[in-house]
Amino acid sequence: VNGDLTIAAGGSIDVTGKGWTKGAGPGDIVTDGGAGMAPSHGGIGAEGTPCYGSTFHPITPGSGSKRAANATGGGVIRLVTSGTLTVNGLVAANAGTISGFNGSGGSIWINAGSLAGGGAIKASGGGITETTWGMFHGGGGRLAVYLSQAANLDAFTGVVDVGGSRV
């Protein structure tokens with residue numbers, strides 16, 4: 001975008017669950033005889049497979065779990081604007097959410113003049129809803145933010161989350 005880009009409150013750019021599908025992706029390569037329950041990406045999932053993808057140029061989707069058909073990984077978002085990116089809504093590349101066996105978070109890569117707003121930017125591992133399944137969390141995704149006109153992120157007061165899922 002040449003200029004400013006605003007994601008208004010209630011608005012979103014959301015690729016949650018749009019990554020690798022069941023049992024697919026480099027984060028769910030079972031190397032230790034495990035069952036492929038929760039893959040890695042930017043962070044290690046419960047299965048303990050190695051992390052993958054670039055820290056500086058994140059373009060890889062999250063991996064899906066082998067144990068559940070809808071345990072997909074998060075998708076990929078690339079936002080480029082020469083002005084201010086204002087996020088008052090949601091930018092999300094989270095893993096698909098099911099109960100038990102979860103995918104890993106996707107990737108978000110932002111290039112902007114500056115970043116402002118109070119919304120949320122998330123590439124989290126698959127959320128779980130039952131405390132009994134708490135050990136099968138997908139690894140967090142990847143996030144890179146490059147600002148050409150701001151020295152820091154002080155103008156963004158929202159939430160940033162690329163962690164693994166939690167109860």
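**Figure 1. The largest nonpolar core has 15 residues.** Those with the most contacts inside this core are Leu85, Val87, Val91, Ile108, Ile110 and Ile121. E4, strand E3 (76-80) and strand E6 (107-112) each supply at least two residues of the core. E6 gives the largest share, three residues. A nonpolar core is a set of buried Ala, Val, Leu, Ile, Met, Phe, Trp, Tyr and Cys residues joined through side-chain atoms within 4.5 Å. Buried means under 20% relative accessible area, exposed means over 50%, and partly exposed lies in between (1.4 Å probe, protein chains only). In soluble globular proteins, nonpolar side chains tend to be buried together.

This is a predicted model: local features need pLDDT of at least 70, side-chain atom pairs count only at pLDDT 80 or more, and totals for chains, interfaces and linings use all residues. Residues are numbered from 1 along each chain as its sequence is written, and side-chain values use heavy atoms, with hydrogens and water left out.

**Figure 2. The protein has zero helices and ten strands.** From the N terminus on, the elements run β-β-β-β-β-β-β-β-β-β. Helices (H or I, at least four residues) and strands (E, at least two) are DSSP runs, numbered from the N terminus. Buried residues make up 47% of the 167 residues. Of the contacts with a separation of 6 or more, 75% join residues 24 or more positions apart. Contact means heavy atoms within 4.5 Å.

**Figure 3. Strand E4 (residues 84-87) pairs with E1 and with E7.** Strand E1 (residues 5-7) and E4 pair in the parallel sense over three bridges. E4 and strand E7 (residues 114-116) also pair in the parallel sense, over three bridges. Two strands pair if DSSP finds at least two bridges between them. Follow Thr86 in E4: Thr6 stands opposite Thr86, and Ala116 in E7 is a bridge partner of Thr86. Val87 touches residues including Ile7, Leu115, Ala116, Ile121 and Phe156, not counting residues up to four places away in sequence.

**Figure 4. Side chains alternate along E3.** Ile77 and Leu79 point to one face and are buried. E3 and E6 run parallel, joined by five bridges. Trp109 in E6 is the bridge partner of Arg78. Arg78 also lies over the face of Trp109, at 3.6 Å from the ring centre. A charge sits over a ring if NZ of Lys or CZ of Arg is within 6 Å of the ring centre and within 35 degrees of the ring normal.

**Figure 5. Asp161 lies in strand E10 (residues 159-161).** Asp161 is buried, with a relative accessible area of 17%. A polar atom of the Asp161 side chain lies 2.9 Å from the backbone nitrogen of Gly163.

**Figure 6. Two loop residues, Ser40 and Asp154.** Ser40 is found in the loop between strand E2 (12-14) and E3. Ser40 counts as buried because its relative accessibility is 0%. The C-alpha atoms of Ser40 and Gly140 are separated by 7.2 Å, though these residues are 100 residues apart along the chain. Asp154 lies in the loop between strand E9 (142-147) and E10. Asp154 counts as exposed because its relative accessibility is 60%. Asp154 and Ser114 are 40 residues apart in sequence and 9.9 Å apart in space, C-alpha to C-alpha.

How values were computed: A polar contact is a pair of N or O atoms within 3.5 Å; within protein, one must be able to donate a hydrogen and the other to accept it, and residues adjacent in sequence count only if both atoms are side-chain atoms.
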